[in-house]
Amino acid sequence: MEKITLVPFENVFLRALGMAWVLLIIIAPFLLGILCFQAYLLYKQNKFIQSQKSVLLEVTLPRELLKSPLAMELFLTSLYQTKGEGTWISRWVDGKVRPWFSLEIVSIAGNVHFYIWTWEFWKRVVESQLYAQFPDIEVKTVEDYAGKTHYKAGGDIDLFSCNFILEKADHYPIKTYLDYKLDKDPDEELKIDPMTPLLEYMGSLGAGEEAWIQIIIRSHKKERAKPGRGFFSKDSVDYTYAAAEEVKKIKTKDKQKVGIGEISVEGSSVSKGDRDVIEAIERNTSKLSFDTGIRVIYLAKQGFFNEVNIPGLTGSFRQYGSSSLNSFKGDHATDFDYPWQDWRGKKLIKLKEHALHAYQARSYFHGPNPGHFFTLSTEELATIYHFPGSVAKTPTLGRMEAKRSEPPANLPI
């Protein structure tokens with residue numbers, strides 16, 4: 001009988017340790033190289049971003065604005081810009097990034113304002129496209145309202161901030177202006193504008209209170225790795241790939257096989273609800289789309305901060321939700337559920353400082369203040385950000401006393 005010799009545990013351990021050490025020597029330079037490249041890329045991107053001078057444009061509305069959100073959707077289409085990162089040298093060597101824009105609705109002591117933030121390079125494009133769709137508005141460059149605000153522990157202001165994310169996958173649309181029949185241009189008194197509750201809330205704020213809503217967008221591109229492909233694969237997809245897969249899944253989930261003798265018949269019974277979902281997904285993904293980040297802030301001077309106004313801000317996007325499609329929910333709020341999560345209160349101070357700095361920098365897609373962004377179509381964006389008609393009775397919504405005769409003549413064609 002053959003004798004079995006057992007290898008001592010110490011030898012096995014030493015061999016395993018030696019193999020781990022060899023693997024570490026091989027892998028460590030590779031991992032270190034990735035980290036160094038990421039740090040280099042972040043440095044180059046920040047340097048490029050800081051070289052771009054930004055401007056803030058305020059849009060003042062006329063007394064009568066007989067335009068549906070479709071006009072805003074056409075304007076947003078003009079913001080689909082990919083200039084700057086067309087080649088791998090631009091992206092990975094020079095650190096260039098495609099432009100982004102910030103659509104903002106702000107209440108200062110109950111006075112409601114519409115703003116659009118952009119790089120100065122794109123200012124004339126934004127102005128000309130706004131006037132093309134809304135010839136009666138007034139657009140002017142103003143001082144940044146957010147840049148004048150400073151927060152610190154024990155200071156004279158307090159704030160609450162949170163981001164919004166989607167409940168479901170990006171390709172499930174929210175309830176849009178088409179669902180509210182605003183594409184039909186009905187009489188003003190018959191319109192049901194989903195932005196009206198938000199404007200009424202913002203107009204209700206009092207002296208010493210402010211509410212800021214920031215919708216940051218950039219053109220959506222094929223940057224997601226295709227499922228099942230390697231890390232270095234050249235195949236990339238956008239969010240429409242997952243949408244197509246979801247539609248296939250919905251269409252086949254009720255498929256049944258009915259056997260009749262030697263004949264097999266396949267039948268598919270898609271319910272009306274599922275057909276509506278498929279139609280909504282396909283309509284949504286057929287339009288241009290944007291990477292989107294939404295950040296909101298409520299702030300007030302000491303003695304004016306009213307916590308009752310926080311639910312009004314966090315619920316300001318609830319009317320866009322649909323149980324069968326998609327809806328918004330709060331994320332990364334500047335609060336804690338339990339006291340032991342922040343015994344000394346220092347974490348909360350850091351969260352508030354970070355939220356204010358990120359808002360002021362209009363930062364979402366790149367460091368040092370990246371956020372969790374998602375994808376919205378032009379139809380969805382035009383629903384949550386458009387210029388309301390006279391159906392919005394908010395008295396503090398800034399409107400011009402007199403109608404403009406024509407837009408400025410020196411805008412580019």
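Trainee: Among contacts in the protein chain between residues at least 6 apart in sequence, what percentage join residues at least 24 apart?

Mentor: In this predicted model, the share is 79% for contacts that join residues at least 24 apart.

Trainee: How many helices and strands does the protein chain have?

Mentor: The chain has 10 helices and 13 strands. Its length is 413 residues, and buried residues make up 43% of them.

Trainee: What pLDDT does the protein chain average?

Mentor: pLDDT is the predictor's confidence in each residue, from 0 to 100. The average for this chain is 82, and 82% of the residues score at least 70. Residues 256–260 have a pLDDT below 50, and that stretch has nine contacts in the model beyond near neighbours in sequence. Residues 262–267 also stay under 50, with 12 contacts beyond four places in sequence.

Trainee: Which residues touch the most other members of the largest nonpolar core?

Mentor: The general idea is that, in soluble globular proteins, nonpolar side chains tend to be buried together. Here the largest nonpolar core holds 81 residues, and those touching the most other members are Ile105, Leu130, Phe328, Ile384 and Phe387. Strand E11 (residues 289–301) gives the largest share of this core, seven residues. Apart from this core lies another, of 10 residues, among them Tyr172, Ile250, Ile278 and Ala280.

Trainee: Which residues is Phe328 in contact with, leaving aside its neighbours within four places in sequence?

Mentor: The partners of Phe328 are Phe164, Ile165, Leu166, Glu167, Ile174, Ile294, Phe317, Tyr320, Phe374, Leu376 and Ile384.

Trainee: Is Ser102 buried or exposed?

Mentor: Ser102 is buried because its relative accessible area is 0%, and buried means under 20%. Ser102 sits in strand E2 (residues 101–108). Not counting residues up to four places away in sequence, Ser102 touches Tyr115, Ile116, Trp117, Gln214, Ile215, Ile216 and Arg362. The side chain of Ser102 also makes a polar contact of 2.7 Å with the side chain of Glu104.

Trainee: What joins the side chains of Asn163 and Tyr364?

Mentor: A polar contact of 3.3 Å joins these two side chains. Asn163 is in strand E5 (residues 157–166) and counts as buried because its relative accessibility is 10%. With residues up to four places away in sequence left out, Asn163 touches Ile294, Arg295, Lys329, Gly330, Asp331, His332 and Tyr364.

Trainee: Where is Thr378, and which residues does it touch?

Mentor: Thr378 is in helix H10 (residues 378–384). Thr378 is buried, with a relative accessible area of 2%. Leaving aside neighbours within four places in sequence, Thr378 is in contact with Glu73, Leu76, Thr77, Lys287, Leu288 and Phe290.

Trainee: What phi does Ala109 have?

Mentor: Most residues other than glycine have a negative phi. Ala109 is not a glycine, yet it has a positive phi of about 55 degrees. Ala109 lies in the loop between E2 and E3 and counts as partly exposed, at 35% relative accessibility. His332 is not a glycine and has a positive phi of about 55 degrees. His332 is in the loop between strand E12 (328–331) and H9, and is exposed because its relative accessible area is 60%, where the cut-off for exposed is over 50%.

Trainee: How much space lies in the second largest pocket?

Mentor: About 390 Å³. The pocket is lined by 22 residues, of which Ile49, Gln50, Trp100, Ala361 and Ser363 are the closest to its centre. The elements that give two or more residues to the lining of this pocket are helix H1 (9–50), strand E1 (54–60), strand E3 (111–119) and helix H9 (346–361).

Trainee: How many cavities of 30 Å³ or more does a search of the whole structure find?

Mentor: The search finds two. The largest cavity has a volume of about 40 Å³, and its lining is made of Lys67, Pro69, Leu182, Lys191, Asp193, His386, Phe387, Pro388 and Gly389.

Methods
Residues numbered from 1 in each chain as written. Predicted model: local features only at pLDDT ≥ 70, side-chain atom pairs only at ≥ 80, totals over all residues. Heavy atoms only, no water. Helix = DSSP H or I, 4+ residues; strand = E, 2+ residues; numbered from the N terminus. Buried < 20%, exposed > 50% of the residue type's maximum accessible area, 1.4 Å probe, protein only. Contact = heavy atoms within 4.5 Å. Polar contact = N/O pair within 3.5 Å; in protein donor to acceptor, adjacent residues only side chain to side chain. Core = buried A, V, L, I, M, F, W, Y, C linked by side-chain atoms within 4.5 Å. 1 Å grid on protein atoms, 1.4 Å probe; cavity = no way out; pocket = protein on both sides within 12 Å on 5 of 7 lines; lining within 4 Å. Points joined across faces, edges and corners; volume = space filled by probe spheres on them.
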